[in-house]
Amino acid sequence: MPDAIELLKTRRSMKPREMTGPGPSAAELETILTIGARVPDHGKLAPWRFIVFEGDARSRAGDVIAKVFARKNPGAPAADIEVEKKRLTDAPLVIGVVSFTKPHPKVPPWEQELSAGASAMNIVTAATALGYGACWLTGWFAFDRDVLDGLGLKPDEKLAGLIHIGTPTKPSEDRPRPALSDIVTRF
């Protein structure tokens, strides 16, 4: 396992199309989800939950996405519908991070949504620490109510993201990062 600071300094996203099996074992998945639930959570509200898509569930979710896409784009070519159908099939594991807010006098919705984002980032970091490639993605379907309903989200729930996890097929390329002088000010 890499040194924690070095891991955080060098972590990068891996494109799902550059992942293959195997994915995490059952024990590794439990570790990843446990770490995903260990985030700042003012008020102990747990304003997030996880949906695990592995095996055939990835294709079933793709069927939901493709059906909604086809219904909303009646003139779409079959090839485009096929692309939508395969949205979750590149990586062997996809974890949906579902965000919702609860009324609370001291914890505004924004803070609860940030907790869900922290959960998604912890999942990415945990998967990377275990040696897997990981990528936090959304896409049009992550914001489409019909798709969310089809994936089993409740009306008051949102999809913070889909974390694709698998074995890298090649080294991940880094991208330019902002210079600290461009993003840091002192008060």
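His164 has its place in strand β5, which covers residues 158-168; strands here are DSSP runs of E with at least two residues, helices are runs of H or I with at least four, and both are numbered from the N terminus. The model is a predicted one, in which local features need pLDDT of at least 70 and side-chain atom pairs count only at pLDDT 80 or more, while totals for chains, interfaces and linings use all residues. Residues are numbered from 1 along each chain as its sequence is written, and side-chain values use heavy atoms, with hydrogens and water left out.

With a relative accessible area of 3%, His164 is buried (under 20%, with a 1.4 Å probe and protein chains only; exposed is over 50%, partly exposed in between). Leaving aside residues up to four places away in sequence, His164 touches, among others, Pro16, Arg87, Leu88 and Leu137, a contact being heavy atoms within 4.5 Å.

His164 also lines the largest pocket, together with residues including Pro16, Arg87, Leu88, Leu137 and Phe141. A pocket is an open set of points on a 1 Å grid over the protein atoms alone, where a 1.4 Å probe fits, with protein on both sides within 12 Å along at least five of seven lines, and lining residues have an atom within 4 Å of a point. The volume of this largest pocket is about 210 Å³, the space filled by probe spheres set on the points, which are joined across faces, edges and corners.

The second largest pocket has a volume of about 170 Å³. Of its 15 lining residues, Arg12, Met14, Thr128, Tyr132 and Ser172 are the closest to its centre, and α1 (4-10) and β4 (133-137) each supply at least two residues of the lining.
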